[in-house]
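Visitor: I'm new to looking at protein structures. Could you walk me through one?

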Amino acid sequence: MDKLKVRLQYWIPQHGLTRLVGKLASAKAGALTTAIIRWFIKQYNVKMDDALHSDPKHYSTFNEFFVRELKPEARPIASGEDILVHPADACVSQFGTITSGQLIQAKGHHFSAQELLGGDADLAQEFDDGEFATLYLSPSDYHRVHMPCDGILRQMIYVPGDLFSVNPLTAEHVPNLFARNERVVCIFDTEFGPLAQVLVGATIVGSIETIWSGTMTPPRGNTIYRWNYPAEGSNAVILKKGQEMGRFKLGSTVINLFAKESIRFDDSVQLQSPTLLGSPYAHKA
């Protein structure tokens, strides 16, 4: 059955299905929208106590519900200049050292940092022998993504690709999953060295957005796009630790890359361990 589930993802029209679901999720359907939201909350045991608006009737579209805002006090940001915080509510799929330019995807599967970052060998070299973590956002999670530390955006890269599901099953059976799926790569300069925060698309992920550029996908295409940003001035994008930087309209994965000897992960970071936005993620090496 698992093999069939994976094989079906090769056969289905991934982009067409995703566009359709995206349109449905953005539709204002009144009582039907509210009913769908209530079903989703029950089906996935979504905890609404932390949401700024806990009543499903507040949301005019499913997308509004999916990227719901949290109460300001719901996710306190760990203080300390030497502490990086988790960028999202998620689960640690994999983490470890980037060895010979390779990251672990799942047991027996690896993928390259260069491919993940859109084929830029010089950029990938900045993370040689550094650390990485892959964080999976489940349907029940809060789907805004925040900054692990203060950062100045240097570059953003849109990389087109497939839209396989990114759950543990596909990670174990689809080679090169995260380097073949559509993604938005954000490179920040920080006091801890360069930081890559990669937002990976997936089946029925309606869109990926950043706070400085708005909706990145859709539309989708076949061309890699790169935008460079200044370190200062009116066009600079300077974000604080814990500040929102992007969001998913329907689930996915965040991958962080860190430079060699720049950080050490907190002891709480373990395989399949849950993460909570704002809690300690790593410490200055």
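Predicted model: local features only at pLDDT ≥ 70, side-chain atom pairs only at ≥ 80, totals over all residues.

Visitor: Which residues of helix 3 are buried?

Guide: Residues are numbered from 1 along each chain as its sequence is written, and side-chain values use heavy atoms, leaving out hydrogens and water. Buried means under 20% relative accessible area, exposed over 50%, and partly exposed in between (1.4 Å probe, protein chains only). Helices are DSSP runs of H or I with at least four residues, strands are runs of E with at least two, and both are numbered from the N terminus. In helix 3, the buried ones are Thr-33, Thr-34, Ile-37, Phe-40 and Ile-41.

Visitor: Why do they line one face of the helix?

Guide: An α-helix has 3.6 residues a turn, so residues three or four places apart point the same way. Seen down the axis of helix 3, the buried residues fall within an arc of 125 degrees (taken from the directions from the axis to the C-beta atoms), so they line one face. The face turned away from that side carries the exposed Ala-31, Leu-32 and Lys-42.

Visitor: Which residues does the "active site" annotation cover?

Guide: The unreviewed UniProt entry lists Asp-89, His-146 and Ser-252, in the numbering used here, with shortened feature names; such annotations may be inferred rather than shown by experiment. They spread over 164 residues of sequence yet cluster in space, with a largest C-alpha distance of 14.4 Å.

Visitor: Is Ser-252 buried or exposed?

Guide: Ser-252 is buried, at 1% relative accessible area, and sits in strand 15.
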